[in-house]
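The sequence and the structure are shown first.

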Amino acid sequence: MRPSDFDFELPDDLIAQQPAERREGSKMLVVDRETATLTDSCFSEFPGFLRPDDLLVINNTRVFPARLFGTSETGAKVEVFLARETTTGEWEALARPARRLHVGKRITFGPLLAAVVTGKLSDGKIVIRFENDGDLASLIDQYGRTPLPPYIRRDRDAIDRDRERYQTVYAKNRGAIAAPTAGLHFTPDVLDRIRSQGTEVAEVTLHVGYGTFEPIRAEDLADHRVMAEQYEIEAAAAARLSQARPRGRVIAVGTTTTRALESNFAKYGCYAEAHGQAELTITPGYEFRAVDALLTNFHLPQSSLLVLTSTFGGHELIMDAYRHAVANSYRFYSYGDCMLIL
């Protein structure tokens, strides 16, 4: 199949620019694969679709403020988006204007934070090395901004009001450059309701990286590869996952959780404790072995996330679901509504 098989028309006014007034107030489209039916619902009703023997799996990664604004030695304004730490203190990054950032150029982000360009990559990224010897993570947290996707428009000088809402309520392990957005709908109360009805909740970690939203450049999806992302499944979570079947279903919150679980299962043949790289690319023809149901937001056309979702739910059914969502004014993308695929 080709990326164009995953295209759809989306009016600009359906791209959510702000989060819902209440996290649990988003709409939820329920997709039943067995009956090939679509049902309009609300995320506040999500616990009702779970059973006591199910295991809900969430991604507890924490987004860090990877977007930095600085000035070069000539006084020019520079924007840097940290994409991947290659070694301690050295990062691959997207930058604007990248063409003017030559090797050796110094960028100052604040009184205590500066970096030097040490390389330029063929894909347009630059490599920078921070000069700081102290707690670099704390300095990035101090000077950085929330790394919102480009389709969410914010004034550069606006107060960073997204720090709390572009983060799940269960975020724990720092390391993501984008939020696992299906988890943004949860509140402590919703999680309490889920646990009180007997459904267990397990946590895994996948640090969302640039590969999650990098455009598909291959003409044939069989040639497409998503960049590896760091993931962790602790022993207790692996044990819970192993015990969940065949009693109940493993329900993944988000495509990132799905990639972590399926990568783990593909490598070990079971749910196993692991600290490594999720290298699996899910495209049509892949047989899911670790996940039985999926909660996910609505993704960009021709994106690897839409390819994964439609591979799980079935191409025709998921594309019908997307057309239904557009026709019924669902809100799309990171701050948008969600879809539960059963």
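## Burial and the model

A residue is called buried when its relative accessible area is under 20%. The model described here is predicted. By that cut-off tyrosine 322 is buried, because its relative accessible area is 0%, and phenylalanine 332 is likewise buried, with a relative accessible area of 0%. Phenylalanine 8, with a relative accessible area of 10%, is buried as well.

## Aromatic pairs and their cluster

The count of aromatic pairs comes to 18. One of these joins phenylalanine 8 to phenylalanine 332, with 5.9 Å from centre to centre and 35° between the planes, and is classed as tilted. This pair links distant parts of the chain, since phenylalanine 8 belongs to the segment before strand S1 (27-32) and phenylalanine 332 to the loop between helix H7 (315-327) and strand S17 (338-341), 324 residues apart.

Phenylalanine 332 also pairs with tyrosine 322; the ring centres are 6.0 Å apart and the planes stand at 65°, so this pair is edge-to-face. Here tyrosine 322 lies in helix H7 and phenylalanine 332 in the loop between H7 and S17, 10 residues apart. Ring pairs link Phe8, Tyr322 and Phe332 into a cluster that also includes Tyr151, Phe298, Tyr330 and Tyr333.

## Charges over rings

Tyrosine 330, a member of the cluster, has lysine 27 over its face, at 4.3 Å from the ring centre. Elsewhere, arginine 33 places its charged end over the ring of phenylalanine 312, 4.1 Å from the centre of that ring.

## The largest pocket

The largest pocket holds about 1000 Å³ of space. Its lining consists of 45 residues, and those nearest the pocket centre are Leu148, Pro149, Pro150, Tyr151 and Phe213; of these, Tyr151 also belongs to the aromatic cluster.

At least two lining residues come from each of strand S6 (77-87), strand S7 (90-96), helix H5 (255-268), strand S16 (293-297) and helix H6 (304-313), and S7 gives the most, with three residues.

## The second largest pocket

The second largest pocket has a volume of about 510 Å³. It is lined by 21 residues, of which Arg84, Glu85, Trp91, Gly175 and Gln230 are the closest to its centre. Two or more residues of this lining are given by each of S6, helix H1 (136-143), strand S11 (173-176) and strand S13 (229-233). The lining of the second largest pocket divides into 11 nonpolar, six polar and four charged residues.

How values were computed:
Residues are numbered from 1 along each chain as its sequence is written. This is a predicted model: local features need pLDDT of at least 70, side-chain atom pairs count only at pLDDT 80 or more; totals for chains, interfaces and linings use all residues. Side-chain values use heavy atoms; hydrogens and water are left out. On a 1 Å grid over the protein atoms alone, a cavity is a set of points where a 1.4 Å probe fits but cannot get out, and a pocket is an open set with protein on both sides within 12 Å along at least five of seven lines; lining residues have an atom within 4 Å of a point. Grid points are joined across faces, edges and corners, and a volume is the space filled by probe spheres set on the points. Helices (H or I, at least four residues) and strands (E, at least two) are DSSP runs, numbered from the N terminus. Ala, Val, Leu, Ile, Met, Phe, Trp, Tyr, Cys and Pro count as nonpolar, Asp, Glu, Lys and Arg as charged, and the others, Gly among them, as polar. Rings of Phe, Tyr and Trp (its six-membered ring) pair if their centres lie within 6.5 Å; planes under 30 degrees apart count as stacked, over 60 as edge-to-face and the rest as tilted. Buried means under 20% relative accessible area, exposed over 50%, partly exposed in between (1.4 Å probe, protein chains only). A charge sits over a ring if NZ of Lys or CZ of Arg is within 6 Å of the ring centre and within 35 degrees of the ring normal.
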